[in-house]
Every structure is written in structure tokens, then in C-alpha cells.
Amino acid sequence: MIVEGAISTKAALFNGRRRVECVYIDEDKVSRDVTYILNYLNRHDIRYQLCRREYIDSIASGKTHGGIIAEVSSREYDDISKLKDRTVFLVDGVEDPFNLGYIFRTLRAFNYHQVIMPSRDLSNMESSILKSSAGAFDELDIIMSDDLYNDLIKLKDRYKLLSLSRSDKAKDIMTYHFPSKKIILLGGEKRGIKKDILKISDEEIFIDYPGDFRNALNASSALSVMTAVLEMRKRNGYD
């Protein structure tokens, strides 16, 4: 597959999640990114090609690559045995690659490193995810679960499972006392968190709107609110 732009190319090169076959750079482009990438490629003996911009345009799917693209393999994922962080996010039912990218970017910005997802083939959208995440897609440990329900059952003795869900028993995230070890479950806006997963959650939590708006936020917006609240509470010594 082709990843496009300096940020995506550097993410592919530096994080060891995928094999880089060749980097293509506009022969007329002069920038710090080009100098840095070329030095890295030469030090690590990675194949690259300086070529005309027209050739890069013919390979790339878009026009915002800035003269730098890379031919790479699909990324490698982790399994549930690699789970180690105290706070982990689980993302299920988010189908749009740009929303996934925004979610990964937000998690990385707020210093979260591990994400659980039910196993799925992302190979046809990895380039879009990597670009929209500003490289965060390849920085995170993304754990693919083949059996999400049973994996979560096993994790309940180590983590509290908190589902972001609007229900009568859900607790406001602004006043909720978050446990130190937790998995926060986030569902897509179309179907939310699966019912069988919701049943095994230890708590349900929700975002209380100040106005009378009643529709759900999309997943990336809800996550942005969630991470900002967690950071605020941590800085103020609430959790």
C-alpha cells in the first residue's frame, strides 16, 4: 500500500509497525523533512527513489502528499496478552477511517498508548487512518481481539469496565470517581456498544450536556470530551 505525506512516512519508518519497501521523494523538494528522512533512509539502508513530482502523483491517490510517499506493508497488531497500561480505551463499531484516525490522534495527544478493537481487516483503509491520525495510528499499541466478550470477562479481575452510554443508571463523567485501572468502552454512533458487552460492564458513564440537546455525539467527539475530562480531573487531583 501507499502512505502519503511526510508525517505518515515518518510514522511508518520510525515505529516498527510495518515494513517499508521504498520511499519516493520529489527530486526538486528541499525541506527539513526531506533532509531528515534521507539521512534516516541512508543510515538504515532503506530503499528510496528521487523522482519527478509527476511520477509521485501517478502513484498517490491524493494530491496532498507534499512530494513524499512510501510503499509499505500492512501494519502489525498486538494481542490481548500485551495489555499493560492503567487506562485503556476500547473502540468498537467505528467504521469511518477518518473518525478512527481522529480517535487515535486524540488518544496519542492525551498520552494514552493502548487501544482494544475487535479483530477486523483495516488494510484497505490504513493509509487514510494513518494520515488522519497524524501518524498516531502507527505509534499506538492497537490490540485486536478475536473474542471480545471472553477477553473482557478475563480482564475484569484486573480492570473496571466503564461503558460510555446514555442510560438511566449511567453516571456523569464530571462527578464520577474513576478507578485507577480501567477500560473505557466507546461504541460507534450508529449502534453503540453491543448489548452483551454492555451487560458485563462494571459501570455506565455518560456526558451530561448543559443544554437540551438529546442526540449522541459522534465517537471521535465523545472521545475528545472524555479524554479532556480525565485530564482535567487528574490535574485537579480528583482521581
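Q: Which elements do the buried residues of H1 pack against?
A: In this predicted model, the buried residues of H1 pack against strand S1 (2-4), strand S2 (20-26), strand S4 (68-72), helix H2 (32-43), helix H5 (126-132) and helix H6 (136-139).

Q: And which residues of H1 are buried?
A: Within helix H1, which covers residues 6-14, the buried positions are Ala 6, Ser 8, Thr 9, Ala 11, Ala 12 and Leu 13. Just after H1 comes Gly 16, whose phi is positive, at about 65°.

Q: Switching to the sheet, what is the strand order in the open sheet of seven strands?
A: The order runs S7-S6-S5-S10-S8-S11-S9, and the pairing is parallel. Strand S7 (141-145) and strand S9 (171-172) are the edge strands, each of them pairing on one side only.

Q: Now the aromatics: how many aromatic pairs does the count come to?
A: The count comes to eight aromatic pairs. One of them is formed by Phe 104 and Phe 137, whose ring centres are 5.6 Å apart with the planes at 5°, so this pair is stacked. The pair links distant parts of the chain, since Phe 104 belongs to helix H4 (residues 97-109) and Phe 137 to helix H6, 33 residues apart.

Q: Are those two buried or exposed, starting with Phe 104?
A: Phe 104 counts as buried because its relative accessibility is 0%, and Phe 137 is likewise buried, with a relative accessible area of 0%.

Q: What about the rings of Tyr 176 and Phe 178, stacked or edge-to-face?
A: That pair is edge-to-face, because the planes stand at 85°, with the ring centres 4.9 Å apart. Tyr 176 is buried at a relative accessible area of 10%, and Phe 178 also counts as buried, at 3% relative accessibility.

Q: Which residues do ring pairs link into a cluster?
A: Phe 14, Tyr 36 and Tyr 40 are linked into a cluster by ring pairs.

Q: Where does the charged end of Arg 75 sit?
A: It sits over the ring of Phe 137, at 5.3 Å from the ring centre. The charged end of Arg 166 sits over the ring of Tyr 209, 4.5 Å from the centre of that ring.

Q: Last one, why does Cys 51 count as buried?
A: Cys 51 counts as buried because its relative accessibility is 6%, where the cut-off for buried is under 20%. Cys 51 lies in strand S3 (residues 48-51).

Q: Which residues does Cys 51 touch?
A: Leaving out residues up to four places away in sequence, Cys 51 touches Tyr 24, Ile 25, Asp 26, Glu 27 and Ile 56. Cys 51 and Asp 28 are 8.3 Å apart in space, C-alpha to C-alpha, and 23 residues apart in sequence.

Notes: Residues numbered from 1 in each chain as written. Predicted model: local features only at pLDDT ≥ 70, side-chain atom pairs only at ≥ 80, totals over all residues. Heavy atoms only, no water. Buried < 20%, exposed > 50% of the residue type's maximum accessible area, 1.4 Å probe, protein only. Helix = DSSP H or I, 4+ residues; strand = E, 2+ residues; numbered from the N terminus. Contact = heavy atoms within 4.5 Å. Phe/Tyr/Trp six-rings, centres within 6.5 Å; stacked < 30°, edge-to-face > 60°. Lys NZ or Arg CZ within 6 Å of the ring centre and 35° of its normal. Pairing = 2+ DSSP bridges.
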